[in-house]
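Work through these exercises with the model open. Each task is followed by a stepwise solution.

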Amino acid sequence: MPPSSRPVILTGDRTTGALHLGHYVGSLRNRVELQHTHQQYVLLADSQALTDNADDPGKVRRSVLEVATDYLAVGIDPSLSTICLQSALPALAELTLLYLNFVSVARLKRNPTIKDEIKVRGFGRDIPAGFLCYPAAQAADITAFKATVVPVGEDQAPIIEQTNELVRRLNRQIGRALLPEAKALIPTTGRLPGVDGKAKMSKSQGNAIPLSASNAEIAAAAQRMYTDPNHLRVSDPGQVEGNVVFTYLDAFDPDAEAVAELKADYRRGGLGDMALKRRLTGILQAIVAPIRDRRSELAADPDTIMDILRAGAEKGRQVTERTKAEIIDGLNLFQL
Ligand code: TRP
């Protein structure tokens with residue numbers, strides 16, 4: 001299929017810190033594949049990052065280059081994918097403001113993702129208005145690119161649902177299907193737990209393995225990985241469920257048959273945590289090493305990354321300005 005008629009993907013990350021292995025299994029790995037079959041736009045969502053980090057804009061700014069470097073290091077190829085800095089595309093902000101007229105405050109408050117995130121962030125009654133409204137902003141991101149496929153984590157599904165509600169509302173107002181509905185593409189692999197066994201790997205929880213981790217850091221992370229607290233002696237039967245080392249082997253070990261055998265041995269008793277952790281360490285080191293090397297090459301040449309971001313922003317501006325003009329036309333708003 002010629003590139004210009006391939007389905008459009010929009011995906012992205014809030015720029016709040018360098019990416020880690022959780023991002024790698026959950027999204028980055030897929031993006032490297034999808035860029036061959038789709039027109040893929042990847043958003044460095046710095047404006048959205050500010051919606052819950054207004055007290056630390058420096059972190060959001062610094063993370064832009066960090067995340068861009070991670071993208072390139074894992075193999076997101078700027079000749080196949082377009083990397084766009086959200087704040088460099090004014091049409092996204094303008095469409096957000098417009099879309100906010102087509103959604104109620106009550107609907108925003110009912111969004112399950114927003115409800116959860118408000119709880120996790122402990123906003124209490126002091127919810128930043130920008131945060132409450134980020135589903136409308138994300139709808140602007142998605143529709144401005146006319147994306148039909150949006151790869152996101154399961155927790156983001158309600159945001160895509162709300163995007164499609166907005167799409168239908170806007171199309172009804174415009175009188176034709178100007179904007180396409182989007183489908184969430186949710187990874188089948190499930191989310192990678194933190195090395196401590198908590199449900200989510202997250203830099204802020206201190207349980208993440210960053211893509212820049214050294215071999216020693218990877219070994220140390222594997223050492224402190226949560227296993228089966230009742231598996232005291234090598235000869236004891238061990239539990240595989242909830243055992244983070246096995247969860248990681250499932251996610252990263254290319255030899256699924258060998259992992260199945262290890263699980264059986266572990267359950268039976270006679271397989272120690274140390275041997276498992278050594279195996280996992282080697283596998284993770286082999287995955288991270290080329291990413292880390294490429295990362296440090298890239299980091300030594302920030303001008304090249306800046307050029308890639310400038311070119312991506314230029315392309316992103318063209319696409320999003322065109323859609324904005326069509327929407328303004330479609331709604332028949334006053335124009336000078
Ligand atoms: N909300 C997404 C996240 O938390 C990031 C994001 C911003 C995004 N805009 C997007 C994802 C548009 C997909 C499409 O990871």
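**Exercise 1. A residue after a helix**

In which segment is asparagine 332 found?

Solution. The model is predicted: local features need pLDDT of at least 70, side-chain atom pairs count only at pLDDT 80 or more, and totals for chains, interfaces and linings use all residues. Residues are numbered from 1 along each chain as its sequence is written, and side-chain values use heavy atoms, with hydrogens and water left out.

- Step 1. Asparagine 332 lies in the segment after α14 (302–330). Helices (H or I, at least four residues) and strands (E, at least two) are DSSP runs, numbered from the N terminus.
- Step 2. Asparagine 332 counts as exposed because its relative accessibility is 67%. The classes are buried (under 20% relative accessible area), exposed (over 50%) and partly exposed (in between), with a 1.4 Å probe and protein chains only.
- Step 3. Asparagine 332 is not a glycine, yet has a positive phi of about 60 degrees. Most residues other than glycine have a negative phi.

**Exercise 2. Another positive phi**

Solution. 

- Step 1. Lysine 146 sits in the loop between α8 (134–144) and β4 (149–151).
- Step 2. Its phi is positive, about 50 degrees, although lysine 146 is not a glycine.
- Step 3. Lysine 146 has 26% relative accessibility, so it counts as partly exposed.

**Exercise 3. Two buried residues**

Is threonine 82 buried or exposed? Where is serine 202?

Solution. 

- Step 1. Threonine 82 is at 11% relative accessibility and therefore counts as buried. It belongs to strand β3 (residues 81–85).
- Step 2. Leave aside neighbours within four places in sequence: threonine 82 then contacts Gln40, Tyr41, Val42, Gly312 and Lys315. Contact means heavy atoms within 4.5 Å.
- Step 3. Serine 202 is in the loop between β5 (183–185) and α10 (215–223). At 13% relative accessibility, serine 202 counts as buried.
- Step 4. Not counting residues up to four places away in sequence, serine 202 touches His20, Asn207 and Ala208.
- Step 5. Lysine 59 is 143 residues from serine 202 along the chain, and their C-alpha atoms are separated by 15 Å.

**Exercise 4. The faces of α4**

Which residues of helix α4 (residues 90–99) are buried?

Solution. 

- Step 1. The buried residues of α4 are Ala91, Leu92, Leu95, Thr96, Leu98 and Tyr99.
- Step 2. Look down the axis of α4: its buried residues fall within an arc of 165 degrees, so they line one face of the helix. The arc is that of the directions from the helix axis to the C-beta atoms.
- Step 3. Exposed residues Ala93 and Leu97 are on the face of α4 turned away from its buried side.
- Step 4. The buried residues of α4 pack against β2 (39–45), α8, α9 (157–174) and α14.

**Exercise 5. α11 and α12**

At what angle do helix α11 (residues 244–252) and helix α12 (residues 256–268) pack?

Solution. 

- Step 1. The angle is about 165 degrees, and the axes of α11 and α12 are 10 Å apart. Axes are lines fitted to C-alpha atoms, for helices over the stretch in contact, and angles run from 0 to 180 degrees between N-to-C directions.
- Step 2. α11 is therefore roughly antiparallel to α12. The classes are roughly parallel (under 35 degrees), roughly antiparallel (over 145), roughly perpendicular (65 to 115) and oblique (the rest).
- Step 3. Phe246, Leu249 and Asp250 of α11 make the contact with Val259, Leu262, Lys263 and Tyr266 of α12.
- Step 4. By class, the residues of this contact are 5 nonpolar, no polar and 2 charged. Ala, Val, Leu, Ile, Met, Phe, Trp, Tyr, Cys and Pro count as nonpolar, Asp, Glu, Lys and Arg as charged, and the others, Gly among them, as polar.
- Step 5. The buried residues of α11 are Val244, Val245, Phe246, Tyr248, Leu249 and Phe252. Their cover includes α1 (21–34), α12 and α13.

**Exercise 6. α3 and α14**

Which residues of helix α3 (residues 57–74) meet α14?

Solution. 

- Step 1. α3 and α14 pack at about 90 degrees, with their axes 11 Å apart. The two helices are therefore roughly perpendicular to each other.
- Step 2. Val64, Leu65, Ala68, Thr69 and Leu72 in α3 meet Ile305, Met306, Ile308 and Leu309 in α14.
- Step 3. The contact of α3 with α14 divides into 8 nonpolar, 1 polar and no charged residues.
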